[in-house]
Amino acid sequence: MSLHGARVAALLAWVNSTKVCPDPLKDLSQLQDCSVFIRIIHKIHGSKEGESVLDQPLPERISFIHGFLQKHCRHKLAAENLVSAQKLLDGEELALAKVAVLLLYHTSMSCKNPGDWNEFDYKTQVELASILKFVLDNEECLNENLEPFLQRRAEPSSSSMSSSSFEEHSPLSPLPHKQEVHFLELQRISSFPSTNLPSTPSSPMGDIMQTPQFQLRRLKEQLVFERENREELEVEMAENHKLIMEKDAQITMMQQRIDRLVKLNEKQAEDQLEPKEMEELREKNESLVGRLHEAFRQCQDLKTEKAQMDRKINKLSEENGDLSFKLREIASNMVQLQRALNELSEEHNTAMAQSQEKQRQLEKELHAALQDKKCSEEKIEILQGKISLLEDQLAKLEECSTQEKGEVMGDVLKLEELKQEVSSLTAKGMRLEEEKQQLDSLVTSLQSSLSESHRARERLKRDLQARAAEGQA
């Protein structure tokens, strides 16, 4: 099965953004020698740890990459099972794409300054964000799910991430009094001390890296890293302590040997040994004393180093405790904010549905009123035409005899009735116009309420993102 074209293109765009290769890559096959992956690892850690590996054959390069993935890219998976060394050796594109995914994930988690994601176009950001979200959501079953994810076509409901995943397009419903109070309470909940950070332009990658899920995972990764550093220091300290104990034992043995030699010297002096034997004993004694002084010096150095290690471990323990407390505090506040945001969203959705129904009803009434007004205006025009015709006839009758005027008196009365009907209609029309203006005013008010509600929700989202950014700092 062929790979998902858009995701492969996004991975290549990310690899090119690291600027570790002189010419931009256009195909996964250009990653077959694994040198680009090794350079990316160097750039992530800012060291030349595996620089010599670049001069080694391909199997050694793959072994180095495997070791890195096993040590750093851990989310309850075995790197050798997820990325087959044989498939990398064969240059299989699916295996190369897996390594790129894991390095993207590790870089996003470990780098304090992951770079300006806005250098990517929106479509590429959407695909990169979908890859990060997939790894976060599938940490415990990445072995089974990563291959189908990289191979299958985008699914509108699950695997693909459209722009609607990161943006809110629909207007929110107006907030009743109870909801306004709830929003104020939410602001109070979210007002724990934080560092005000400058706002950045919204982007799919920026949005997903500000989510509580991503921030908590990053903090956990930092805690694991600090814990491993502490364990390594403790192992090193234990080895140094063992060495100190060995040196102390050597010093004790040397001291005992010196004591025995001193006693032997005294005894030999008493026995009046030959000067040559005394000189040999003196030289041995001086040699042992020199070795003793050197052992003392080494012991002192080890004790000094041990004291420094103790201080460093104590400092790391304090920082680890502070970080753990901060993680719990941020996680608790984020849970409260997320729960409150979910509740507010549900209330908004309900109110929005009611508002939309009310708006449809008002628009229906407005349409009916406009139709009624139109019919009345047409009827008025017809009646006014009849009135004009009758007025012309009356003008002619004034020139006729009195008898003829009496015969058409009925037409005069008919004319008066038409005038009264017209008056009753230009009045009904005024009422309809007033009603139309009232309906227009209601529609305008409703739209204003919807806009205000939308702004309130946006403020809440920005507040939640600020808390997440504080956790990242």
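**View 1. Burial of phenylalanine 134 and phenylalanine 149.** Phenylalanine 134 counts as buried, with a relative accessibility of 10%, where buried means under 20% relative accessible area (1.4 Å probe, protein chains only). Phenylalanine 149 is likewise buried, at 1% relative accessibility. The model is predicted, so local features need pLDDT of at least 70 and side-chain atom pairs count only at pLDDT 80 or more, whereas totals for chains, interfaces and linings use all residues. Residues are numbered from 1 along each chain as its sequence is written, and side-chain values use heavy atoms, with hydrogens and water left out.

View 2. Two aromatic pairs are counted, a pair being rings of Phe, Tyr or Trp (its six-membered ring) with centres within 6.5 Å. The rings of phenylalanine 134 and phenylalanine 149 are stacked, because their centres are 4.0 Å apart and their planes lie at 10 degrees (stacked: planes under 30 degrees apart). Phenylalanine 134 belongs to helix H7 (residues 122-137) and phenylalanine 149 to helix H8 (residues 142-151), so the pair ties together parts 15 residues apart in sequence. Helices are DSSP runs (H or I, at least four residues), numbered from the N terminus.

**View 3. Arginine 7 and the ring of phenylalanine 149.** The charged end of arginine 7 sits over the phenylalanine 149 ring, 4.0 Å from its centre (CZ of Arg within 6 Å of the ring centre and within 35 degrees of the ring normal).

**View 4. Contacts between helices H2 and H3.** Ser35, Phe37, Ile38, Ile41 and His45 of H2 meet Arg61, Phe64, Ile65, Phe68 and His72 of H3 (contact: heavy atoms within 4.5 Å).

Methods. Rings of Phe, Tyr and Trp (its six-membered ring) pair if their centres lie within 6.5 Å; planes under 30 degrees apart count as stacked, over 60 as edge-to-face and the rest as tilted. Helices (H or I, at least four residues) and strands (E, at least two) are DSSP runs, numbered from the N terminus. Buried means under 20% relative accessible area, exposed over 50%, partly exposed in between (1.4 Å probe, protein chains only).
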